[in-house]
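Please look at the sequence and the model first, then read the points below.

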Amino acid sequence: MKTFVSAALLLLSSTAFAHSYTAGDVAIGHPWARATPGPVKTGAAYLTLQNKGKSADTLQGADGDVADRVEIHNHINDNGVLKMRRVDGVSVEPGQRVALQPGSYHIMLIGLKKPLLAGESFPLTLHFKHAGDVRVDVKIEATTSEAPAADAHGEH
């Protein structure tokens, strides 16, 4: 009985941290967002993309019911001033790993329909040029969250 309980706990703990998806040859790791304070109407989602194939692919966009608009953005340095700009996509070359993270590429959620609350999640559909569409669940983490360590979520 003790062995069964230990095995069950191990299975539950490993699936609790398993938060990855695949679209064609692109591995998608740990989609997450920060909780939003009060009536804030914008948020951002983050994740990693790793191309395990032999051809480049591009994340062309995303959509979901969480916000009025969902766009891919990047931070740029415009004469010493950091600004966010919408981009048409994020290319992932063969063997490359790209992190959509705070201060870099991210999925901007504009016109949030309700606050993002820590511990909850919401679905997004990612649109890839070659791999097509894939639905992911974005985990909402505490407002103070930094980008999660890749090793903590089973990414390599």
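Is E71 buried or exposed? With a relative accessibility of 12%, E71 counts as buried, where buried means under 20% relative accessible area, exposed means over 50%, and partly exposed covers what lies in between (1.4 Å probe, protein chains only).

The model is predicted, so local features need pLDDT of at least 70 and side-chain atom pairs count only at pLDDT 80 or more, while totals for chains, interfaces and linings use all residues. Residues are numbered from 1 along each chain as its sequence is written, and side-chain values use heavy atoms, with hydrogens and water left out.

**Overall make-up**

- The protein contains one helix and 11 strands; helices (H or I, at least four residues) and strands (E, at least two) are DSSP runs, numbered from the N terminus.
- Read from the N terminus, the order of elements is α-β-β-β-β-β-β-β-β-β-β-β.
- The protein has 156 residues, and 37% of them count as buried.
- Its accessible surface is about 9,000 Å², with 54% belonging to carbon and sulfur atoms; these areas come from the Shrake-Rupley method with a 1.4 Å probe, and for residues only the protein chains shown count as cover.
- Taking contacts between residues at least 6 apart in sequence, 66% join residues at least 24 apart; contact means heavy atoms within 4.5 Å.

- Strands β1 (residues 20-23) and β2 (residues 26-34) run antiparallel and are joined by four bridges; two strands pair if DSSP finds at least two bridges between them.
- T22 stands opposite A27 in β2.
- Two residues lie between the strands of this hairpin, and G24 in the turn has a positive phi of about 60 degrees.

- H30, which is not a glycine, has a positive phi of about 35 degrees.
- H30 belongs to strand β2 and is buried, at 6% relative accessibility.
- N79 is not a glycine either, and has a positive phi of about 55 degrees.
- N79 sits in the loop between β5 (67-78) and β6 (81-86) and is exposed, with a relative accessible area of 76%.

**The aromatic pair**

- The structure holds one aromatic pair.
- The pair is formed by W32 and Y46, whose ring centres are 4.8 Å apart with 40 degrees between the planes, which makes it tilted.
- W32 is in strand β2 and Y46 in strand β3 (residues 42-51), so the pair links distant parts of the chain, 14 residues apart.
- Rings of Phe, Tyr and Trp (its six-membered ring) pair if their centres lie within 6.5 Å; planes under 30 degrees apart count as stacked, over 60 as edge-to-face and the rest as tilted.
- W32 and Y46 are both buried.

**The nonpolar core**

- The largest nonpolar core has 30 residues, of which I28, I107, L109, L124 and L126 touch the most other members.
- Such a core is a set of buried Ala, Val, Leu, Ile, Met, Phe, Trp, Tyr and Cys residues joined through side-chain atoms within 4.5 Å.
- Beyond its neighbours within four places in sequence, L126 contacts residues including I28, L47, L59, I107, V134 and V136.

- L116 lies in the loop between β9 (106-112) and β10 (121-128) and is buried, with a relative accessible area of 2%.
- L116 and G38 are 78 residues apart in sequence, while their C-alpha atoms are 9.1 Å apart in space.
- Setting aside neighbours within four places in sequence, the contacts of L116 include A33, R34, V66, L109, F122 and I140.

**Salt bridges**

- Side chains of opposite charge can pair when their charged atoms come close.
- Five salt bridges are counted, each a side-chain nitrogen of Lys or Arg within 4 Å of a carboxyl oxygen of Asp or Glu.
- R69 and E71 form one at 3.0 Å, N to O; R69 is partly exposed, with a relative accessible area of 45%.
- A network of salt bridges links R69, E71 and R86.
- K114 and E120 form another at 3.9 Å, N to O; K114 is exposed at 53% relative accessibility, whereas E120 is partly exposed at 33%.
- R135 is bridged to D137, with the closest N and O atoms 3.3 Å apart; D137 is partly exposed, with a relative accessible area of 23%.
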